[in-house]
Amino acid sequence: MAEAFFKKYAKNQFNVISAGTSPSSNLNPVVVTVMAEIGINLQKQQPQLLSSDMIEDSNKTINMGCMDKNSCPSLFVKDVDDWNIEDPKGKSIDDVRKIRDQIKTNVLNLLYSLESDN
């Protein structure tokens with residue numbers, strides 16, 4: 001969700017990659033549904049594994065929240081921003097909508113701060 005919002009609102013000003021330490025093989029269908037509700041199509045997106053190259057090549061790392069505390073990026077990445085977002089897995093559609101809206105707000109705030117830094 002964060003990658004989709006970032007791409008929508010950054011308008012190609014920045015390159016964004018979304019990945020996880022233990023990604024699922026497919027996107028959560030409830031996430032796909034709640035994003036479609038606001039006109040963002042995730043049908044062709046695929047979860048990907050976070051690599052050390054991704055971290056090394058990034059200017060900014062955002063941690064959504066850690067479900068697996070042993071592989072949490074904040075343990076091995078310095079200067080990471082932790083948004084502490086709940087995992088939508090197993091949540092109701094209303095809860096996933098709240099998570100979606102929280103992510104959108106965080107992305108817009110991040111973009112504002114990045115544009116202010118330039």
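**Loops, helix packing and core**

Analyst: I will start with a loop residue of this predicted model: Asn12 counts as exposed, because its relative accessibility is 77% and the cut-off for exposed is over 50%.

User: Where is Asn12 placed?
Analyst: Asn12 lies in the loop between H1 and H2. Its phi is near 65°, a positive value in a residue other than glycine. Most residues other than glycine have a negative phi.

User: What about Lys11 and its phi?
Analyst: Lys11 follows H1, and its phi is positive too, near 50°.

User: Moving on to Asn84: is it buried or exposed?
Analyst: Asn84 is exposed, with a relative accessible area of 61%. It is found in the loop between strand E2 (80–82) and H4. Phi of Asn84 is near 50°, again a positive value in a residue that is not glycine.

User: Now the helices. At what angle do the axes of H1 and H4 cross?
Analyst: The axes of helix H1 (residues 2–10) and helix H4 (residues 93–117) cross at roughly 45° and come within 9 Å. H1 is therefore oblique to H4. The crossing in which H1 passes H4 is right-handed.

User: Which residues make that contact?
Analyst: From H1, the contact is made by Ala2, Phe5, Phe6, Tyr9 and Ala10. H4 contributes Arg100, Ile103, Lys104, Val107, Leu108, Leu110, Leu111 and Leu114.

User: And how does the contact of H1 with H4 divide by class?
Analyst: It has eleven nonpolar residues, two charged ones and no polar ones.

User: Which residues of H1 are buried?
Analyst: Ala2, Glu3, Ala4, Phe5, Phe6 and Ala10 are the buried residues of H1. They pack against H2 and H4.

User: How many residues are in the largest nonpolar core?
Analyst: The largest nonpolar core has 22 residues. Met1, Phe6, Met35, Leu42, Ile103 and Val107 have the most contacts inside it. H1, helix H2 (29–36) and H4 each supply at least two residues of this core, and the largest share, seven residues, comes from H4. In soluble globular proteins, nonpolar side chains tend to be buried together.

User: Last one: what is Met1 in contact with, leaving aside its neighbours within four places in sequence?
Analyst: With those neighbours left aside, Met1 is in contact with Val31, Val34, Met35, Pro88, Ile99, Arg100 and Ile103. Of these partners, Met35 and Ile103 are listed with Met1 among the residues with the most contacts inside the largest nonpolar core.

Note on methods: Residues numbered from 1 in each chain as written. Predicted model: local features only at pLDDT ≥ 70, side-chain atom pairs only at ≥ 80, totals over all residues. Heavy atoms only, no water. Axes fitted to C-alpha atoms, helices over the stretch in contact; angles between N-to-C directions. Helix = DSSP H or I, 4+ residues; strand = E, 2+ residues; numbered from the N terminus. Parallel < 35°, antiparallel > 145°, perpendicular 65-115°, else oblique. Left-handed = near helix turned anticlockwise from the far one by under 90°. Contact = heavy atoms within 4.5 Å. Nonpolar A, V, L, I, M, F, W, Y, C, P; charged D, E, K, R; others polar. Core = buried A, V, L, I, M, F, W, Y, C linked by side-chain atoms within 4.5 Å. Buried < 20%, exposed > 50% of the residue type's maximum accessible area, 1.4 Å probe, protein only.
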